[in-house]
Amino acid sequence: VALLIVVNFFLNASEAQIRPEEGTQPAKTFETLDVTFTAIFTFELCVNMFTNWFKPFWDDGWNVFDFVVVSVSILALAVEALPGMSVLRLLRAFRVLRLFGRMGAQRRLINAIVLSLWPVANAMLIVLLVMSIYAILGVEFFSHDVLFSSFTQAIFTMFQTATFEGWPIIARGLTGDTGEVSVGTAMFFTSYIIIVSWTLLPVVVALLLDNFSKVAATEAALQVKEMQVTQRLVSHVLDPLMSSLSRYNTSKDLSLRIKTLYELLDADDSNGLSYEEMHEGLKKLDLKPGIHLLVDDWDAITQYGDLLNDNEEVGLEEFERIVRRQLIDFLHRNNASALIAAGEAGSDLAAVFSSCNYLMMELDEVKKENSEMRDNLSFLVKYITEGKFAEALAGEDSSNDDSQMVERTVSSSVVKMPNIGPDGIEASLHGRMPYPITPSSGYKVNSMAGG
């Protein structure tokens with residue numbers, strides 16, 4: 001597309017140089033080429049609108065500029081009889097500006113220039129006001145001269161004076177036949193040049209350069225950040241969603257966000273989320289980059305069907321487990337990326353991120369141990385309630401797999417509880433002890449059989 005824009009620009013320049021007469025063969029050739037390029041640019045614009053529909057397209061100023069230029073070109077070709085169409089056709093020359101929107105360095109330069117113009121608008125307004133004041137004074141003092149015969153003539157004269165272009169001729173032309181410059185005329189032009197040309201205009205230029213430098217640096221930093229974010233977001237298909245969910249305050253707040261997301265994705269309100277619903281729902285979310293969930297991704301996050309119900313759907317509880325697991329993985333990747341970036345930059349934060357990474361790993365291990373502890377305690381409770389605990393500890397049926405499991409569970413250091421015997425355990429579970437058996441970090445049992 002960039003090459004076509006350049007070729008079209010040279011054709012417009014050639015047409016302006018040759019200036020073929022209407023009805024001649026060169027004029028018809030240029031007109032045919034103009035229609036061809038307009039059709040190509042229209043097709044490219046439609047593809048761009050379809051790809052980035054709707055909000056992403058109109059959020060980009062360069063896309064809006066493309067739309068205006070192409071629309072004007074189509075209008076100029078479609079209704080040539082309307083008045084002013086010849087002027088609209090001149091806007092074809094602006095097609096070359098679309099090239100800047102497709103070239104990174106030039107695009108950032110133009111963006112920086114445009115954004116830096118707004119902060120200096122106040123200074124430009126002051127300059128305009130001072131010019132207007134002097135134009136009004138000039139009409140009052142020198143209305144006999146054609147250069148100050150009206151306000152518009154006078155303000156253009158003051159603009160010309162501010163550029164130092166021929167201002168001595170203007171000033172001395174007001175002296176009359178004697179050639180002597182009056183004190184009033186000298187004060188008028190001298191004060192104007194000191195205030196506007198020597199003071200205000202340099203301030204405007206300084207503000208423009210200062211803001212341009214700041215905006216250019218900001219644009220460069222944003223580009224680097226976008227590249228880093230893009231590289232990080234491709235780690236997992238759900239990472240753009242995890243990035244938005246990671247800004248929660250409490251675990252309850254996160255659960256509420258997950259529930260809201262689940263209800264949003266559950267299109268048929270069946271309290272079950274299928275692959276098709278999640279696939280289509282994620283595409284509609286305003287995420288950058290967008291999410292295109294594949295079947296392989298769905299199988300992986302649902303543990304290859306283990307989290308699905310009989311209808312091949314995910315319930316709210318399973319969906320929250322999936323999201324929390326993916327969020328933990330996302331935070332791990334973010335921390336690892338920050339650790340690498342801090343290390344490359346030689347920042348002291350590298351040690352902080354490294355410590356965070358270690359703590360997250362330890363928390364994962366604690367969570368895993370707690371899960372195993374719950375499973376073991378559930379197994380013991382089952383045996384105790386069935387009256388088989390003492391027999392299993394005594395080894396009366398050592399060939400039984402469950403008896404061996406009880407022995408391993410009791411002797412394991414994973415199960416942490418007060419150091420009491422099996423009778424005490426049964427008494428506690430049946431409410432005959434002053435305190436219940438709960439997991440405790442302060443006690444460890446190697447052999448519960450001896451008390």
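**Figure 1. Lys-283 and its salt bridge partner Glu-280 in helix α13.** At 43% relative accessibility, Lys-283 is classed as partly exposed, where buried means under 20% relative accessible area, exposed over 50%, and partly exposed in between (1.4 Å probe, protein chains only). The model is predicted: local features need pLDDT of at least 70, side-chain atom pairs count only at pLDDT 80 or more, and totals for chains, interfaces and linings use all residues. Residues are numbered from 1 along each chain as its sequence is written, and side-chain values use heavy atoms, with hydrogens and water left out. Glu-280 is also partly exposed, its relative accessible area being 37%. The two side chains meet in a salt bridge with an N to O distance of 3.8 Å; the term stands for a side-chain nitrogen of Lys or Arg within 4 Å of a carboxyl oxygen of Asp or Glu. Helix α13 covers residues 275-284, and because Glu-280 and Lys-283 are 3 residues apart in it, about one helical turn separates them. Helices are DSSP runs (H or I, at least four residues), numbered from the N terminus.

**Figure 2. The salt bridge between Lys-214 and Asp-210 in helix α10.** The closest N and O atoms of this pair are 3.4 Å apart. Side chains of opposite charge can pair when their charged atoms come close. Both residues belong to α10 (residues 183-233), and since they are 4 residues apart, they are separated by about one helical turn. Lys-214 is exposed, with a relative accessible area of 51%, whereas Asp-210 is partly exposed at 38%.

**Figure 3. Asp-329 and Arg-325 in helix α15.** A salt bridge joins the two side chains, at 3.0 Å from N to O. The residues are 4 apart in α15 (residues 316-345), about one turn of the helix. Asp-329 is partly exposed, with 25% relative accessibility, and so is Arg-325, with a relative accessible area of 36%. The structure holds 5 salt bridges.

**Figure 4. Helix α1 and its buried face.** Helix α1 consists of 17 residues (2-18), which should span 24 Å at 1.5 Å a residue; its end C-alpha atoms are 25 Å apart, in agreement with that value. The expected span is 1.5 Å times one less than the number of residues. Ile-5, Asn-8 and Asn-12 are the buried residues of α1. Seen down the helix axis, they fall within an arc of 65°, so they line one face of α1; the arc is that of the directions from the axis to the C-beta atoms. These buried residues pack against α2 (25-51), contact meaning heavy atoms within 4.5 Å. Leu-3, Phe-10, Gln-17 and Ile-18 are exposed on the other side of α1. After the helix comes Arg-19, which has a positive phi, near 50°.

**Figure 5. A nonpolar surface patch that includes Phe-54.** Trp-53, Phe-54, Trp-58, Val-64 and Val-68 make this patch of about 480 Å². Phe-54 is located in the loop between α2 and α3 (55-59). With a relative accessibility of 45%, Phe-54 is partly exposed.

**Figure 6. Helix α12 and its buried residues.** The 15 residues of α12 (251-265) reach 21 Å from first C-alpha to last, close to the 21 Å expected at 1.5 Å a residue. Asp-253, Leu-254, Ile-258, Leu-261, Tyr-262 and Leu-265 are the buried residues of this helix.

How values were computed: Helices (H or I, at least four residues) and strands (E, at least two) are DSSP runs, numbered from the N terminus. Patches are made of residues with over 30% relative accessible area and no salt bridge: like charges are joined within 9 Å, nonpolar side chains (Val, Leu, Ile, Met, Phe, Trp, Tyr) within 5 Å. Accessible areas come from the Shrake-Rupley method with a 1.4 Å probe; for residues, only the protein chains shown count as cover.
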